[in-house]
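Subject: Structure handover

Hello,

Here is the structure I promised to pass on. Please look it over first, then read my notes below.

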Amino acid sequence: MSELTLLITVFAAVIATAVWYRTAPKGTMMVGVLCWLYWGASLMWLVDAVAEYSELGAVLFTPEPSDMLNDAFLGLSAVALGLVIWIAALLIKDPRGALKSALFKK
């Protein structure tokens with residue numbers, strides 16, 4: 001029951017990849033990390049969907065509305081977690097030195 005989760009993470013991966021490609025020469029905001037996170041999540045949900053399809057068959061494509069809502073929340077949660085990990089990586093790496101200058105401002 002993860003088709004909607006797969007769809008949400010693939011859209012996030014495509015958007016992150018487009019942003020990464022647009023800013024690729026500079027690369028100061030580490031958008032590549034976000035791309036890897038979302039493509040990894042998309043691959044995970046794809047494998048899950050294939051395994052589920054091998055179990056359930058065509059029934060997989062007629063989910064209940066409550067299952068779709070749960071899948072949507074799970075997909076949005078995966079996207080939000082990816083953003084949190086990316087922000088943490090940005091704060092740790094601090095590519096522009098913004099955090100360092102804010103903390104050690106004289």
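**What I found**

The accessible surface of the chain comes to about 7,500 Å², and 74% of that belongs to carbon and sulfur atoms. Accessible areas come from the Shrake-Rupley method with a 1.4 Å probe; for residues, only the protein chains shown count as cover.

Some ground rules. This is a predicted model, in which local features need pLDDT of at least 70, side-chain atom pairs count only at pLDDT 80 or more, and totals for chains, interfaces and linings use all residues. Residues are numbered from 1 along each chain as its sequence is written, and side-chain values use heavy atoms, with hydrogens and water left out.

**The chain as a whole**

The chain has four helices and zero strands. The order from the N terminus is α-α-α-α. The radius of gyration is 18 Å, well over the 13 Å that the globule rule gives for 106 residues, so the chain is more spread out than a compact globule. (That radius is taken over C-alpha atoms; the rule is 2.2 Å times the number of residues to the power 0.38.) The C-alpha atoms fill a box of roughly 65 × 25 × 15 Å along the principal axes. Helices here are DSSP runs of H or I, at least four residues, and strands are runs of E, at least two, numbered from the N terminus.

Of the 106 residues, 27% count as buried. Buried means under 20% relative accessible area, exposed means over 50%, and partly exposed is in between (1.4 Å probe, protein chains only). Take the contacts (heavy atoms within 4.5 Å) between residues at least 6 apart in sequence: 79% join residues at least 24 apart.

Charges next. There are 7 positive and 8 negative side chains, and the centres of the two sets lie 38 Å apart. Lys and Arg count as positive, Asp and Glu as negative; His and the chain ends are not counted. Each charge is placed at NZ of Lys, CZ of Arg, CG of Asp or CD of Glu.

Helix α2 covers residues 31-56. Its 26 residues reach 37 Å from first C-alpha to last, close to the 38 Å expected at 1.5 Å a residue. The expected span is 1.5 Å times one less than the number of residues. Buried residues of α2 include Y38, W45 and E52. Their cover includes α1 (3-22) and α3 (65-93). Just after α2, G57 takes a positive phi of about 75 degrees.

Helix α3 has 29 residues, which should span 42 Å; its end C-alpha atoms are 42 Å apart, in agreement. Among its buried residues are G75, V79, G82 and W86. Helices α1 and α2 are part of what covers the buried residues of α3.

**Residues to look at**

- T17 lies in helix α1. T17 is partly exposed, at 26% relative accessible area. Leaving aside neighbours within four places in sequence, T17 is in contact with C35 and W39.
- M30 sits in the loop between α1 and α2. Phi of M30 is near 55 degrees, a positive value in a residue other than glycine. M30 is buried, at 17% relative accessible area.
- D94 lies in the loop between α3 and α4 (98-103). Phi of D94 is near 50 degrees, also positive in a residue other than glycine. At 18% relative accessibility, D94 counts as buried.

Most residues other than glycine have a negative phi.

Best wishes
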